[in-house]
Amino acid sequence: MADVKDDVIEMLKELTELTILDEGDPQSFRVRAYENAAHGIGAFAGDLAALDLKGLQAIDNVGKSTAEKIRELLTSGKVAKLEALRAKHPASVVALMRLPGVGPKAVKKLREELDVQSLDDLRAALAAHRLAELKGFGPKSEAKLAESLARLDASGAVTRTPISVALPVANRLVARLLEVPGVTHAETCGSLRRFSETVGDIDVVVVAKDAAVVMDAVVAMPVVDRVLGRGDTKTSVVTPRGLQIDVRVVAAHQLGAALLYFTGSKSHNVKLRTRALARGMTLNEYALTMVEGGKVVASETEEQIYAALGLPFISPLLREDCGELEAAEAGILPKPLGPIVGDFHLHTSMSGDGHSTLEEMVAGARARGYRAMAVTDHAEGTVSGVGRERFLEQRAKIRALQAQLGDSFKLLHGVELNIGRDGELDYDLEFRRGFDWCLASVHDHLTLDRAAQTKRVVAAMRDPTVRMIGHLTARMIGGRPPIDLDSDAVLAAAEETGTALEINGALPRLDLSVDWQRRAAGRRIDFVLDSDAHVVDELERARYAKLNAERAGTLPARVVNAGDGERLLAWLAAGKRGV
DNA sequence: GTCGTGAACGACATATACTATGTAGTATA
């Protein structure tokens with residue numbers, strides 16, 4: 001479903017990049033307009049292909065010109081303006097700008113004065129020491145460009161890093177920083193704090209008495225492959241896998257302003273700063289200050305800064321400039337979800353890929369204060385799945401365990417069914433009815449076309465035993481794409497059949513995505529936050545599912561296992577709607 | 001480029017750090 005939208009955003013991003021080159025200014029109005037339009041499209045939850053020019057222009061920051069380009073792209077597959085820019089600035093030239101330290105001005109100069117039109121040309125110019133002739137370039141520039149080129153040859157293009165890779169690195173880094181003498185606070189900011197699916201780098205804000213000590217500690221860490229830059233308060237390093245880490249040291253009384261700034265998003269910050277100026281104040285990463293007289297209004301906490309700007313606290317998860325500032329102003333920010341009270345997708349050592357026992361998983365869930373949980377090992381249709389007898393043995397154990405636990409904890413015997421190529425499910429209807437909880441998921445045949453994928457998923461939803469669909473799109477962030485589904489048809493079927501949709505908290509999945517959840521908003525569809533844990537510590541991942549749901553602004557009333565345990569039990573007892 | 005006001009045109013433009021150079025470019029949120 002995301003295909004068309006991704007194509008449009010890709011087109012706008014390319015227009016942005018080429019226009020920066022064309023105008024030699026990364027901040028021109030045209031450039032900003034393309035960026036804003038891409039932003040608006042990103043926040044739009046409908047089907048772009050179904051819209052006419054007028055409909056497209058109703059999207060934020062999409063005007064006549066962009067709407068026409070979108071139609072042009074969707075009908076012909078090409079955009080004349082883009083083609084013209086591509087002809088003028090071929091890919092080999094764009095590649096120059098991707099070199100760290102090279103911007104539009106440098107590219108312009110290299111092309112005009114040295115006829116450098118590609119990385120190869122640049123390599124030759126460097127070898128001949130011709131860069132020294134250029135004003136603004138010196139021996140250091142030469143050395144830096146040569147190193148960038150060599151690194152590019154070695155590692156290929158730079159891509160964004162999936163959150164599943166970046167978050168553990170960031171957590172270890174923060175833990176180490178907290179051990180540095182004099183450090184009283186260390187926190188991950190940037191897109192990781194906003195819980196973006198992929199991140200460009202890791203931003204860490206540190207409070208310490210002596211910044212130099214922190215900088216020394218950072219560059220000495222084993223995770224550091226090389227140092228990009230080091231200043232009095234900011235150091236940038238790169239890991240061996242090419243992930244950039246920026247560490248910034250601030251004073252304790254500036255922490256709020258620093259967190260706000262380094263968390264972003266950029267456009268959220270720009271709007272906040274504009275808002276400050278309109279109120280006679282100026283906001284930077286150190287403080288919110290009166291323009292007249294320079295008196296500091298707020299700096300210590302984010303809450304104080306938002307309050308001084310006449311706003312309630314806005315969760316980092318929402319700071320994407322997707323209407324959160326307007327919602328805050330109107331007092332209609334999405335409410336955070338309550339505590340997680342159950343987990344309905346997890347595996348034990350009974351099936352091939354689980355590593356903790358049933359008892360360990362139950363203990364883990366109880367330790368988290370849950371009221372209920374379903375054990376859902378794989379059915380026989382999955383590689384690591386097991387047959388009927390093993391499940392019946394497990395059921396007996398679960399019943400015995402439930403008897404010990406009493407009413408304080410509801411333990412369901414569940415199963416994760418595999419959705420077959422044509423929507424067929426494991427075992428037979430009668431055997432499936434024997435489970436307390438059936439979830440069904442797609443694990444294979446991931447490249448079927450849209451009609452076939454939609455049909456098999458909807459077929460599974462129509463089964464009376466299937467209470468929930470697990471990781472609906474089967475995507476892996478930074479890995480494999482989502483399966484091709486007709487989102488309207490799938491969501492309509494979920495609503496009609498009363499089949500809940502899982503929000504899977506495994507970091508490589510985060511499935512449903514924010515985009516899908518927003519598409520489902522307004523429909524009567526229940527969501528379940530799950531860990532998909534294969535080992536007891538992974539129960540923690542349900543928290544990531546919760547963050548993802550909050551990021552999407554999914555309503556607490558639609559999430560059955562966050563908030564009130566009794567509400568959850570009532571939902572479980574009610575069974576599948578219409579069955 | 002978009003947007004809002006008024007039907008063609010003006011407004012839109014945050015704030016800083018670092019680096020290599022001698023004022024500007026690039027990068028970051």
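**Reading a predicted protein–DNA model**

Mentor: In this predicted model, 52 residues surround DNA strand B, the closest being Gly63, Gly103, Gly138, Gly231 and Gly264. Residues are numbered from 1 along each chain as its sequence is written, and chains are lettered from A in the order in which they are written. Local features need pLDDT of at least 70 and side-chain atom pairs count only at pLDDT 80 or more, while totals for chains, interfaces and linings use all residues.

Trainee: What makes a residue near a strand?

Mentor: A residue is near a molecule or strand if its C-beta atom, placed from the backbone, lies within 6 Å of it. Helix H14 (residues 266-278) gives the most to the surface near DNA strand B, namely six residues, a helix being a DSSP run of H or I with at least four residues, and a strand a run of E with at least two, numbered from the N terminus.

Trainee: Which residues is Ala170 in contact with, leaving aside its neighbours within four places in sequence?

Mentor: With those neighbours left aside, Ala170 is in contact with Thr188, Leu192 and Ile202, where contact requires C-beta atoms, placed from the backbone, that lie within 7 Å. Ala170 and Glu187 lie 9.0 Å apart, C-alpha to C-alpha, and 17 residues apart in sequence.

Trainee: How do you know that strands S5 and S6 pair?

Mentor: Two strands pair if DSSP finds at least two bridges between them, and four bridges join strand S5 (residues 226-230) to strand S6 (residues 234-238), the two running antiparallel. The bridge partner of Gly229 is Ser236 in S6, and a hairpin joins S5 to S6 through three residues.

Trainee: What makes a set of residues a nonpolar core?

Mentor: Such a core is a set of buried Ala, Val, Leu, Ile, Met, Phe, Trp, Tyr and Cys residues joined through C-beta atoms within 7 Å. The largest has 111 residues, and those with the most contacts inside it are Val204, Val206, Val214 and Leu501. Helix H13 (residues 255-263) supplies the largest share of this core, seven residues. A second, separate core of 27 residues includes Val8, Ile41, Leu48 and Ala67.

Technical notes:
Two residues are in contact if their C-beta atoms, placed from the backbone, lie within 7 Å. A residue is buried if 20 or more other C-beta atoms lie within 10 Å of its own, exposed if 12 or fewer, and partly exposed in between; C-beta atoms are placed from the backbone.
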